[in-house]
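This briefing is for a reader who is new to the structure. Please look at the sequence and the model first, then go through the points below by topic.

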Amino acid sequence: MLTNELEGVNKDVYKTDWQWQEGEYTVTRTNMWTAPGCHNGCSVLYYTKDGKVEKIEGDPLSPYNQGRLCMRCLDVVETFYHPDRLKYPLKRVGERGENKWERITWDEAYDDIVEHVKEIWRDYGPESIVSMQGTGRNICWQTPYLSYAGFDSPNFVLGFLSGDACYLPRTTIGHCFMGDFFVADMSQHLEQRYADPEYVYPEYILNVGNNALVSNGDGFFGHWIVDVMKQGGTKLIVLDPSCTWLASKAEYWLQVRPGTDAAVVIAMINVIIEEDLYDHDFVENWCYGFEELAERAREYTPEIAAEIAGVDAELIREAARAFGKANPGTVQWGLKVDQTVCGIPLAQALLSIGAICGDIDVPGGMMIPRCAYDIPDSYGCGMWFLSDEMLGKMLGVETSPLHALGFDPTANGDTVLNAIETGEPYPIRMQFIQSTNPIANMAADAPRVYRAMKSVWYNVVVDVFMTPTAIACADIVLPCGMSCERNSARVWWWPLRSIVKVADYYEAKSDEQIILELGKRLHPERFPWNDDIELMTWWIQAGNRFHAGWPHKTDETFPELCEKVIDWPDDWAYRKYELGWLRDDGQPGFNTNTGRCELYNTLFEAWGFDPLPYYEEPPESPVSTPELFEEYPYVLTTGARTWEYFHSEERMVPRLRESHPDPLTDLHPDTAAKIGVCAGDWIWVENMRGKCKQRVRINPSLKPDTVRSEHGWWFPEREGAYPSLYGVFDCNINNLTVQGVTGPTLYGAPYANQICKIYPVTKENDESMTVAVINTGEAK
Amino acid sequence: MADEKYGLFIDYTWCTGCHSCEMACKVEHNFGEGVYGVKLFEDGPRMLPSGKYEYNYLPVFTSLCDLCAERVEMGKLPTCVHHCQAACMKYGKVEDLAKMAAETPRSWVYVPEQ
């Protein structure tokens, strides 16, 4: 059994100390979290010599990953010391796009930024400064803190991710539904892991919108699912358009048309209620609005859902029965839940199915997490410095009460894009772009975002490599440190883990050092710490800012954490709603208006949104736009994860690129034959907005009308300057996606349910979409 | 003991195809482009007559696999076993692994030259 028991691990070699000497190497036990990007925070052993990381191993004594590592971490030394890493602060000397820079000092860089910030403060107001970050980077609180406490601006945003379609739809509805969030319980909050007597293996996992083995989304080590299948006999229900490895091992694989999952999940709720498989006790005592949910679900018979999603009605029934009878069942949800216009109602349906089955916060169920010690690891970190007037200027609050009330407080990317383009409601003058490469990765309609970003007066990029985004728009580029070069920590969610600096790289500084040194020059009183270590101690101790009760805060210092390596707080329990740990008033129940899981959402009702789960057809689909579908007769899903890369990163790392050299589009063999291509051939993937080219991979499990394309591709081996720009639009699937089409809450966007046509790339039609975008603004 | 042979056991029901063995091996031995001590093979997804899908991965060890002799000497496990994300690989004496294989459907034991 995989536990953290020391049994089986050679303790002469793997020690419990946090640091020791092994021959010529200093070995440091710590944890790894960005750069490069990742959603985990695995425990590692760094073997360093002369201030340089020579080797890395997974720490077998860590209950988190138990020694295991993925290929990106295994090869990370090659990434750490890649010759193309940014080494010094740079200032642009040519035109934007020319990729001409001069080396400057950090002081010169900070002075330049401060001068521009102060000018914008004076002439436009702080709200004209937008800060943004990429996903899966250890800057979830650092960039917001700089934005709010340093720049005085409410406009911190997620890099033009349309509909904030990553996690925020799920976290937001989670907070409206039960005042909290949930994660599938794989024993990750228990120090003894699977060996803890309180832990129960889930009987079923309902897996929707992710392939966690590859994606490891949201602080969840995907292979924990394999652990529970192997050790606990856990079975799977998988909704996925493609037969992933997990789907092939599932009892029930429901091959849904991309974007239709909500119809299936609501139909499953219908069956569970109809056949009386729900948990009467939990529904009666801890849920609100069951009758309304039942009535809504009745509209979604398995037959209706089957027709929408293209799956067998009987399979929906059987899957629903299996989940309804599972004790416990749990839900493993992921990004694709968010990447439809009905991301919020789909997430609401998944919360509802778990609640009516009594799976909320039970061992092996849908566990309610919060950050250990209530550490403010959030996009709201530092927001307390903003006046109500300034908060009211946050872009997006006008149109959505969810944004206005600070549920997952960020500005809305679609609204920021509009403001850049139109100058309304006010002009955007500066972008502080920290570890995000939007035009290569997360920005839907990448050519449009490119045009907007390069039109902004002053831009700063903080990153580890030169990127197409930086070349296109940056005036200052700052080199940031990788994980081994920073003093930091990982908390999301539990336990708290150290990130210890063991190496230096030229003049690169950690994100913590950068926000501290820059912030000090703007508002020294809000950045009182002398160094990154003091800053980290403040952060670790800054808990209980938002919650009255659980978790309690700590007075642990950062150096103390480094020695502990992993810190398990003692205030963990299941069924916290019974203990009065969740509500601000300390009473039992959930932290909602009604104190219950709101199957019928009272906040949504008050705001004029549909208070119950529903299904909405993707805005472009065989059903909603049949005429358009004749011209673009394939359903396009995007963004399936690869083992080798984290989004747009690591294309320059030789061993990883060797394993996955080209952008791939999956086609059914009949579809490939129909358009006359074989595996490895280049094809155009095209729709109304643009096109890109990718190479064919044959995937016999797909439906013939489904096309599945990779995202995040650019080519660091090519020229950076115009008109090459690292080929960023050549294979960019976001030439086809759309901005500004979201659910009514502004959350959720149809990244993964588009339509397209496909045809072979030939000598006659081959051209560079990057050149096209630079010359005409469009990928056509 | 000269006659004690060591090998690797793979419970490939659980091999998810994560490539960690492949990469761990390349890094450990500093293998260049196109050189592998273990290479991952993929079979599927392929539909069975029942309509279910077969989807298998198998790490295939090459003639360059030395069972991480240097690591084993230090008291560590071969790096592929240590880092396997599905924890479906074991290192040990061939006779012990063979017993394990007899009790584990869809598994195999690899014995390198030694």
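**Two helices in contact**

In chain A, the residues A:Pro169, A:Arg170, A:Ile173, A:Gly174 and A:Phe177 of α5(A) meet A:Gly343, A:Ile344, A:Ala347, A:Gln348 and A:Leu351 of α15(A). By class, this contact of α5(A) with α15(A) has six nonpolar, three polar and one charged residues. The model is a predicted one.

- Helix α5 of chain A spans residues 168–178 and helix α15 of chain A spans residues 343–356; they pack with their axes 9 Å apart.
- The angle between α5(A) and α15(A) is about 50°. Angles of 65 to 115 degrees count as roughly perpendicular and those under 35 degrees as roughly parallel, and α5(A) and α15(A) are therefore oblique to each other.
- The crossing in which α5(A) passes α15(A) is right-handed.
- An α-helix has 3.6 residues a turn, so residues three or four places apart point the same way.

**Where chain A touches chain B**

- Chain A puts 27 residues into the contact and chain B puts in 26 residues.
- On the side of chain A that touches chain B, the elements giving two or more residues are α1 (71–74), α7 (224–232), α8 (245–248) and α27 (654–659) of chain A.
- Of these, α27(A) gives the most, with four residues.
- Sorted by class, the side of chain A that touches chain B has 14 nonpolar, seven polar and six charged residues.

**Helix α7 of chain A**

- Helix α7(A), one of the elements on the side of chain A that touches chain B, also has buried residues: A:Trp224, A:Ile225, A:Val226, A:Asp227, A:Val228 and A:Met229.
- The cover over the buried residues of α7(A) includes β10 (204–208), α6 (212–215), α8 and β14 (329–333) of chain A.
- Following α7(A) is A:Gly233, which has a positive phi near 70°.

**Helix α4 of chain A**

- Helix α4 of chain A, residues 142–150, is mostly covered, with nine of its nine residues buried.
- The buried residues of α4(A) are A:Gln142, A:Thr143, A:Pro144, A:Tyr145, A:Leu146, A:Ser147, A:Tyr148, A:Ala149 and A:Gly150.
- These buried residues of α4(A) pack against β7 (129–133), β8 (156–157), β16 (430–434) and α21 (511–522) of chain A.
- Just after α4(A), the phi of A:Asp152 is positive, at about 65°.

Definitions and conventions:
Residues are numbered from 1 along each chain as its sequence is written. Chains are lettered from A and ligands numbered from 1 in the order in which they are written. This is a predicted model: local features need pLDDT of at least 70, side-chain atom pairs count only at pLDDT 80 or more; totals for chains, interfaces and linings use all residues. Axes are lines fitted to C-alpha atoms, for helices over the stretch in contact, and angles run from 0 to 180 degrees between N-to-C directions. Angles under 35 degrees count as roughly parallel, over 145 as roughly antiparallel, 65 to 115 as roughly perpendicular and the rest as oblique. A crossing is left-handed if the near helix is turned anticlockwise from the far one by less than a right angle, and right-handed if clockwise. Two residues are in contact if their C-beta atoms, placed from the backbone, lie within 7 Å. Ala, Val, Leu, Ile, Met, Phe, Trp, Tyr, Cys and Pro count as nonpolar, Asp, Glu, Lys and Arg as charged, and the others, Gly among them, as polar. A residue is buried if 20 or more other C-beta atoms lie within 10 Å of its own, exposed if 12 or fewer, and partly exposed in between; C-beta atoms are placed from the backbone.
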